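Reader: I am new to this structure. Can you show me how to read a few of its features?
Author: Gladly. Take a look first.

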Amino acid sequence: MLKSTGIFSKSALKGFILAGGAGALAAGAYEIFCPRATLWGRVLTHGSRNVPAISLVFDRSPNTLTEPICKRLHELEIPATFFIEGKRARSNPRAMRSLQSFEIGIHGETYRSLIFQNKIELRHMLKPCLTLAGDIQGRDACFLMPPYGWKDLRLVRMARDLGLFVVNPSLKLRWREGVLLNTSVERILTHVGPGDIILVKNDPLRSPPEPLFIELLTLLVIGLK
């Protein structure tokens, strides 16, 4: 009887250990891949809900859409934040000049994932881009948007050490082929609220041609106003 109970207890303990390990693994994966998870540190998904304003942000900058986007934003008198990749920025100084009157945040030197990197690698991937952003706008950059929205504990700590807020926008405007521009914008306008951060996806490889993209942006701004 006692012997049988001992065997059961060991089996149960093993089960608890396995279950605990699986739970810890699931929790870690949630923190990494869920953009809004904040257990490891503050993540900005939206601003104050008490302020009747929203923020527009653009990723993967600069690219072939950057200059026309900036021109249209100036015409509409709308501020925005552009998140840059260091290597793209250095190869496209003309587009970077068009960003000088806007807020600039960073992704890193490329759009490569920043998770599972050691401190030296992270600093190498972030610091040059951070310096470039500061040089362009004449002051230190404040925001980091991790590629794909993925972040781990080491990245969150590095961002804090560099004086950066981690940003993962609450809403994303994507263009899908075959979907009307009005429909894409209406989906955002249905869910938007005070303080929301709207990411306007503008990767030229996946975005509509320039005229359609500018029309999409215009419809969004007019709808928000």
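Reader: Is Ser-113 buried or exposed?
Author: Keep in mind that this is a predicted model. Burial is judged from relative accessible area, and under 20% means buried. Ser-113 has 16% relative accessibility, so Ser-113 counts as buried.

Reader: Where does Ser-113 sit, and what is it in contact with?
Author: Ser-113 belongs to the loop that runs between strand 4 (103-108) and helix 5 (119-137). Leave aside neighbours within four places in sequence, and Ser-113 is in contact with Met-125, Pro-147, Tyr-148 and Trp-150. Its side chain also reaches the backbone nitrogen of Ile-115, at 3.3 Å.

Reader: Is Leu-205 buried or exposed?
Author: Here the other cut-off applies: over 50% means exposed. Leu-205 has a relative accessible area of 80%, so Leu-205 is exposed. Leu-205 is in the loop between strand 8 (197-200) and helix 8 (210-224). The C-alpha atoms of Leu-205 and Thr-64 are separated by 10.0 Å, with the two residues 141 apart along the chain.

Reader: At what angle do helix 2 and helix 8 pack?
Author: Compare the directions of the axes: angles under 35 degrees count as roughly parallel. Helix 2 (residues 66-76) packs with helix 8 at about 30°, and their axes are 10 Å apart. The two helices are therefore roughly parallel to each other. Their crossing is right-handed.

Reader: Which residues make the contact?
Author: Helix 2 supplies Pro-68, Ile-69, Arg-72, Leu-73 and Leu-76. From helix 8 come Glu-210, Phe-213, Ile-214, Leu-217, Thr-218 and Val-221. By class, this contact has 8 nonpolar, 1 polar and 2 charged residues.

Methods:
Residues numbered from 1 in each chain as written. Predicted model: local features only at pLDDT ≥ 70, side-chain atom pairs only at ≥ 80, totals over all residues. Heavy atoms only, no water. Helix = DSSP H or I, 4+ residues; strand = E, 2+ residues; numbered from the N terminus. Buried < 20%, exposed > 50% of the residue type's maximum accessible area, 1.4 Å probe, protein only. Axes fitted to C-alpha atoms, helices over the stretch in contact; angles between N-to-C directions. Parallel < 35°, antiparallel > 145°, perpendicular 65-115°, else oblique. Left-handed = near helix turned anticlockwise from the far one by under 90°. Contact = heavy atoms within 4.5 Å. Nonpolar A, V, L, I, M, F, W, Y, C, P; charged D, E, K, R; others polar. Polar contact = N/O pair within 3.5 Å; in protein donor to acceptor, adjacent residues only side chain to side chain.
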